[in-house]
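Please open the model in your viewer and keep the selection panel handy. We will go from stop to stop, picking out a few residues each time.

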Protein chains: 2
Amino acid sequence: MTTEPLSRARILAAAIDLIEREGADAVSMRRIAAELGVGVMSLYNHVPNKDALLSGVAETVLSGIEFTDDPGAHWSDRVRTQAHAFRQIAHHYPRSTMLVVSRTLHSSAGLLPVERALATLRGAGFDGIDAVRMLRMFIAFIVGSLLREVGVTPTFAPPQQHRAVSAEHVDPELFPHVSELAPLLVSCDHEAEFEFGVEMLIQAIAVHPARREGTR
Amino acid sequence: MTTEPLSRARILAAAIDLIEREGADAVSMRRIAAELGVGVMSLYNHVPNKDALLSGVAETVLSGIEFTDDPGAHWSDRVRTQAHAFRQIAHHYPRSTMLVVSRTLHSSAGLLPVERALATLRGAGFDGIDAVRMLRMFIAFIVGSLLREVGVTPTFAPPQQHRAVSAEHVDPELFPHVSELAPLLVSCDHEAEFEFGVEMLIQAIAVHPARREGTR
DNA sequence: AGCTTGCACGTACGGTGTACGTACGTCAAT
DNA sequence: ATTGACGTACGTACACCGTACGTGCAAGCT
């Protein structure tokens, strides 16, 4: 039994593991300590408090994004690549993603993605202020998407017994469109929806008047 | 002292009031009961459990959106109006908004907005599937925006002492763009950003090939 | 009258985050 | 070699949480 000496990293790893296995609600200092076979208060030697621990989790997850940026590619391809890089965390760490998006990061963990994105947008021909605005719009869209994609499973729902609207009973008189499109509303191919949104945004960027196309 | 007989509505009102005054973390059954001058367990006669109570809060807030839809107006104006209607909840109930966006609604409280939005998008010339996709993209953007706008103040932060990046120290060598645009990144006019995003999305919709312009 | 029903309440249990005091290793200076 | 400081692991304790359970009271019905 190698009693590795406990560290912030081990604690964070255990926390992430626990979140992914049993959901964010299962996280407690006692639970994590038990998971590591260690006393509760020992954790506080490496982490100031629970809030900081969760921030650490968010940070760790966020910094796990694989960024393979090719500065030579067309800006639209770079945008696509970076958007998908963001979305990958929702696949690797579905439960933990909620933490990342619902928590205000007070660290510079997400600085590299921002740098890459700004570079791409400047490369697309925007000046500073518009690049920032575009980035913020993109982030809003991505965060919103991930929230929908991930929030569907708060901890463990009985397999989608009736997702909100469902076909159960929507008065076609009061809600004709909802009623007609109910089949489309109840199911959601997150992959496809995300793809669609990204393409729309790229399109929106492409036609924006503030872009100076040929600018290098 | 008129001892009004306690009801789900009064409990929800007290909960919302408490959330807005002291943040979502301050909400507990005991706290709400104390606020109403009532025993803790009396709440359970009107609300099955805390989770349902919070869902009720989200529902109440959501159904407070003022929708003044003019079916005769141009679709782009209708989109603008509806987008801003959504955003208004972030102003009336900033703290509670977090609940609305981070919680999976299992009720049909948000059905009317969906109906209006679909009507607008169909009116803009989209078929069913594209209307749903557009709507989902819009919702993702709006939710993401509100999350940024509201999440900045988790409960009560010291007045923005240094928002993540700040100018404190960003290596211009490693992060040239972030460094250069730091002044723009640290401050955020949410109103303007939202406006900008909405216009971009409207633009994106306007140029989308699947739209059949003249269709009635 | 009796009976049922529903609401307000108090108590109690198992859980939470964490402040505090303590015991035990390792290392530096004496 | 001894001493002391220091960091780490730990157990206990406190205040608070959600809520299961049982009790009493008032209103309405038969």
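This is a predicted model: local features need pLDDT of at least 70, side-chain atom pairs count only at pLDDT 80 or more; totals for chains, interfaces and linings use all residues.

Side-chain values use heavy atoms, without hydrogens and water, residues are numbered from 1 along each chain as its sequence is written, and chains are lettered from A and ligands numbered from 1 in the order in which they are written.

A backbone N or O atom of K50(A) is 2.9 Å from a phosphate oxygen of DNA strand C, and for a polar backbone atom of M29(A) the distance to a phosphate oxygen is 3.0 Å.

Next, move to the chain A and chain B interface. Each side brings residues to the contact (heavy atoms within 4.5 Å): 57 from chain A and 57 from chain B. Colour E115(A), R136(A) and F196(A), which supply 14% of the area that chain A buries against chain B, more than any other three residues; buried area is the accessible area (1.4 Å probe) that two parts lose on being put together, summed over both.

Which residue does R136(A) meet in a salt bridge? Show E193(B): the two side chains pair at 3.0 Å, N to O. A salt bridge is a side-chain nitrogen of Lys or Arg within 4 Å of a carboxyl oxygen of Asp or Glu, and the rule finds 4 across this interface.

Now select R21(A) and E35(A), whose side chains form a salt bridge at 2.3 Å, N to O. R21(A) sits in helix α1 (residues 8-22) and E35(A) in helix α2 (residues 29-36) of chain A, so the pair ties together parts 14 residues apart in sequence. Helices are DSSP runs (H or I, at least four residues), numbered from the N terminus.

Finish at R87(A) and E191(A), a salt bridge with the closest N and O atoms 2.4 Å apart. R87(A) is buried, at 4% relative accessible area, whereas E191(A) is partly exposed at 38% (buried means under 20%, exposed over 50%, partly exposed in between; 1.4 Å probe, protein chains only).

Conventions
A polar contact is a pair of N or O atoms within 3.5 Å; within protein, one must be able to donate a hydrogen and the other to accept it, and residues adjacent in sequence count only if both atoms are side-chain atoms. Helices (H or I, at least four residues) and strands (E, at least two) are DSSP runs, numbered from the N terminus.
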